Amino acid sequence: MILPLHRIQNHFLNLMKKINFFLIGAALVAVTACGPSAQELAEKARQDSIRMADSIAQVEAEKQRIADSIAMVEAAAAAEQARLDSIAKAEAEAATKKGKKK
């Protein structure tokens, strides 16, 4: 019993179609299953939120440190100006007293 060639080809083509549909279905299931779950996405969002809050806190701390440094420099400048004013006043008083003695 010899089968005609076109029946063998049709059988082979039908078999290949079934195999292709199965492989495509398996690939879709694999792609869907390999993605992150809702719980993993929620955890990632929580971690990102924590990281963002830490970054903001670091920036705020650095901003405060810079403000403190500027305040210290301004205080030192004010103290230096007070010292110079005191010296100038003492020199003026000394010059006034020297002028009165003559």
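The following dialogue examines how several labels are assigned in this predicted model.

Guide: In this predicted model, local features need pLDDT of at least 70 and side-chain atom pairs count only at pLDDT 80 or more, while totals for chains, interfaces and linings use all residues. Residues are numbered from 1 along each chain as its sequence is written, and side-chain values use heavy atoms, with hydrogens and water left out.

Visitor: What makes Glu 62 and Arg 65 a salt bridge?

Guide: A salt bridge requires a side-chain nitrogen of Lys or Arg within 4 Å of a carboxyl oxygen of Asp or Glu. The closest N and O atoms of Glu 62 and Arg 65 are 2.6 Å apart, so the pair meets the definition.

Visitor: Why does Glu 62 count as partly exposed?

Guide: Buried means under 20% relative accessible area and exposed over 50%, with partly exposed in between (1.4 Å probe, protein chains only). Glu 62 has 36% relative accessibility, and therefore counts as partly exposed. Arg 65, at 47%, is likewise partly exposed.

Visitor: What radius of gyration does the chain have, against that of a compact globule of 102 residues?

Guide: The chain has 43 Å, whereas such a globule would have a value near 13 Å. The radius is taken over C-alpha atoms, and the globule rule is 2.2 Å times the number of residues to the power 0.38. Of the 102 residues, 0% count as buried.
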